Amino acid sequence: MPPKNENIQTFNIKDCAILNMATGVRAKNLKELRDQLLTIHPESILYHFWAKKLRSSFEEPEYNNDFASWTYSNLHDIKLAERLSLINPGMFSDIEDLRRKLIEVVELSLEENKSSINTKEGEQFQFIRSEIVVFDTKHTISKPEELMELLPNLSLGSIYFHFIDSKIRSDDISSWLSLFGDEDKGLTQQISKLDPYFFTLSELRIKVSQIFKGYFEGVKK
Amino acid sequence: MSDLLHAYARVAGNDAVDHLQQLSAPLKGAKFVHVNSTRVGGGVAEILMKMVPLMNELGIDTSWEVISGEDKFYQCTKSMHNALQGDPVHISEDLLKAYEETNSKNADILRPILEDADYVIIHDLQPAPLLTLCPNRKGKWVWRCHIDASKPHPPVWNYLSQYVKDYDASFFSLADFAQQLPHTQYLIPPSIDPLSDKNMDLDQTEIESTYEEFDLDRKRPIMLQVSRYDRFKDPLGVIDAYKLTKQSVPEIQLVLAGGGATDDPEGEEVLREVRDAAGDDPDIHILLLPPDAHKTINALQRISDIVLQKSLKEGFGLTVTEAMWKGKPVIGGNTGGIRLQVINHHTGFLVDTPEGAALRIQQLLSDPEKLKEMGRKAKEYVRNNFLMTRHLREILSLFTILDNQSKT
């Protein structure tokens with residue numbers, strides 16, 4: 001598919017890894033979690049929603065963010081874990097709104113349960129931040145069909161970088177796809193609308209591959 | 001790509017090596033120095049033994065320096081080690097003086113190398129004062145804490161933090177271990193080298209000969225703990241777990257395989273206690289192995305049915321990673337870095353008591369399929385998380401970030 005815009009640049013596919021940093025901020029019970037959420041660095045909030053996906057896991061994640069997982073595993077509060085897990089960061093364009101929502105849900109639970117369980121040593125919630133380290137995969141593509149071919153074998157780091165991290169910050173893939181004009185608009189919209197929150201990275205890779213495949217099969221017909 | 005890098009790529013994947021090459025390209029020719037306090041024995045020495053050649057292979061001019069001291073210095077640093085792990089020990093002025101003087105003497109020798117280096121990693125507390133003793137340093141200095149410092153004895157941490165606070169950054173294995181410090185604290189777990197004698201594949205004949213060498217019965221189950229004779233490793237708790245298991249699995253054999261590190265003066269005393277607890281039970285095999293017995297440990301881990309690391313405190317526990325790499329589920333103390341590796345009910349079991357350990361040993365011995373499946377998961381978990389390539393990638397990332405911060 002030729003680009004409508006003659007000046008379209010090639011697209012470099014990246015890979016990434018994250019390097020974690022301790023913030024020194026901890027919570028041993030729900031009240032402390034609420035207190036720390038009031039002031040914790042916004043990058044730490046994003047970390048606890050998204051970085052989980054880059055960690056290897058043996059089971060389907062029961063809950064979609066670290067706050068919910070900790071509440072379930074260490075405070076044994078299933079009700080709160082479900083409420084926290086339902087908070088979808090993709091629904092909040094402003095990180096401060098996401099912070100407020102988290103605090104609201106935690107405070108509701110504090111009102112309902114006056115007693116607060118203290119976790120054992122080593123089971124506190126540790127607020128973490130991370131730096132992303134970006135690598136060049138040496139895959140350079142000049143049209144969307146080429147990405148369709150590469151997608152099934154892209155590393156999970158590449159999937160994280162282009163369909164989660166970049167999506168939060170600049171949405172580089174959608175921006176590039178949109179340069180191909182109306183013919184790919186359907187594809188751009190589908191990728192842009194794709195909500196990665198409820199998928200593991202392997203599932204997300206399959207989902208994105210399906211979108212590309214479905215789109216181009218439709219175009220051929 | 002060199003043969004060595006090819007070998008890593010075969011185990012860890014091409015991407016892992018490619019990432020290392022990308023990160024090391026801007027550091028080519030830079031002088032990088034690691035400093036610790038022992039060249040043999042213990043996890044730090046084992047890591048450096050393999051990481052330094054890999055860094056050189058990647059084009060980074062890397063050296064490994066070791067500080068040395070007299071008895072008083074090691075008494076002091078062992079007490080500090082115990083204090084960082086929570087023991088309320090008092091360290092006399094006399095010992096602290098030995099600590100400071102030893103560092104000062106070592107600094108006199110190492111100063112030209114360290115002040116000229118572009119990047120320095122100081123491992124653990126023994127050489128921590130070197131930074132303040134190198135006032136004309138030009139490079140980035142990072143302090144690496146390998147031990148479980150989650151609840152350090154405050155007077156000792158306050159003393160040490162005066163030396164640690166001026167580093168450009170520090171790194172710990174877990175967030176629980178991080179302290180209040182005026183610089184960024186990164187989280188980088190250690191790793192094993194899959195190509196080392198300790199972890200490489202062995203010939204079946206080499207494995208088989210281990211039974212004879214240590215008078216072990218190949219037809220009966222073997223439980224193993226590999227660790228220094230150190231109270232925090234709880235060898236007496238392992239013997240208790242063995243004795244409890246023996247009541248229902250009389251054929252069980254226990255191997256305690258350890259050695260000493262040159263910076264650990266308490267080892268002999270603990271070994272005596274272990275021998276007393278074992279008594280004359282012919283099925284308890286207490287081995288005192290030399291520091292270079294890597295292939296022996298490798299084979300022992302492979303012939304064992306179950307591996308334990310029942311530590312009471314553990315910075316990380318490389319023996320856990322090693323056993324998992326050999327497809328063995330690990331029954332580990334519910335503490336420190338063991339929690340990072342033993343994913344309860346997946347790669348092994350976390351236990352708090354000898355009774356808990358005995359329960360899980362019996363459970364696994366009675367269900368060979370489960371034992372095998374857990375071992376398979378354990379190996380994959382190590383491949384994805386705890387190989388040298390990931391470890392070095394994170395260290396190089398750390399220094400890249402520090403360099404970028406300096407430029408902005």
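Student: How many residues does the contact take from chain A and from chain B?

Tutor: Contact here means heavy atoms within 4.5 Å. This is a predicted model, where local features need pLDDT of at least 70, side-chain atom pairs count only at pLDDT 80 or more, and totals for chains, interfaces and linings use all residues; side-chain values use heavy atoms, with hydrogens and water left out. Residues are numbered from 1 along each chain as its sequence is written, while chains are lettered from A and ligands numbered from 1 in the order in which they are written. The contact takes 32 residues from chain B and, from chain A, 22 residues.

Student: What area do the two chains bury between them?

Tutor: Buried area is the accessible area (1.4 Å probe) that two parts lose on being put together, summed over both. Of it, 55% is on carbon and sulfur atoms, and the total is about 2200 Å². In chain A, the residues that lose the most area to chain B, together 29% of what that side buries, are A:Leu19, A:Phe58 and A:Phe135.

Student: Which residue forms a salt bridge with A:Lys138?

Tutor: A salt bridge needs a side-chain nitrogen of Lys or Arg within 4 Å of a carboxyl oxygen of Asp or Glu. The count between chain A and chain B is one. Its closest N and O atoms are 2.9 Å apart, and the partner of A:Lys138 is B:Asp18.

Student: Which element gives the largest share of the side of chain A that touches chain B?

Tutor: Elements are DSSP runs numbered from the N terminus: helices (H or I, at least four residues) and strands (E, at least two). The largest share, nine residues, comes from S1(A).

Student: Why is helix H10 of chain B largely enclosed by the rest of the structure?

Tutor: Buried means under 20% relative accessible area, exposed over 50%, partly exposed in between (1.4 Å probe, protein chains only). The buried residues, B:Ile297 and B:Leu300 among them, pack against elements of chain B including helix H3 (43-57) and strand S8 (253-258). H10(B) (residues 294-303) is largely enclosed because the buried ones number eight of the 10 residues.
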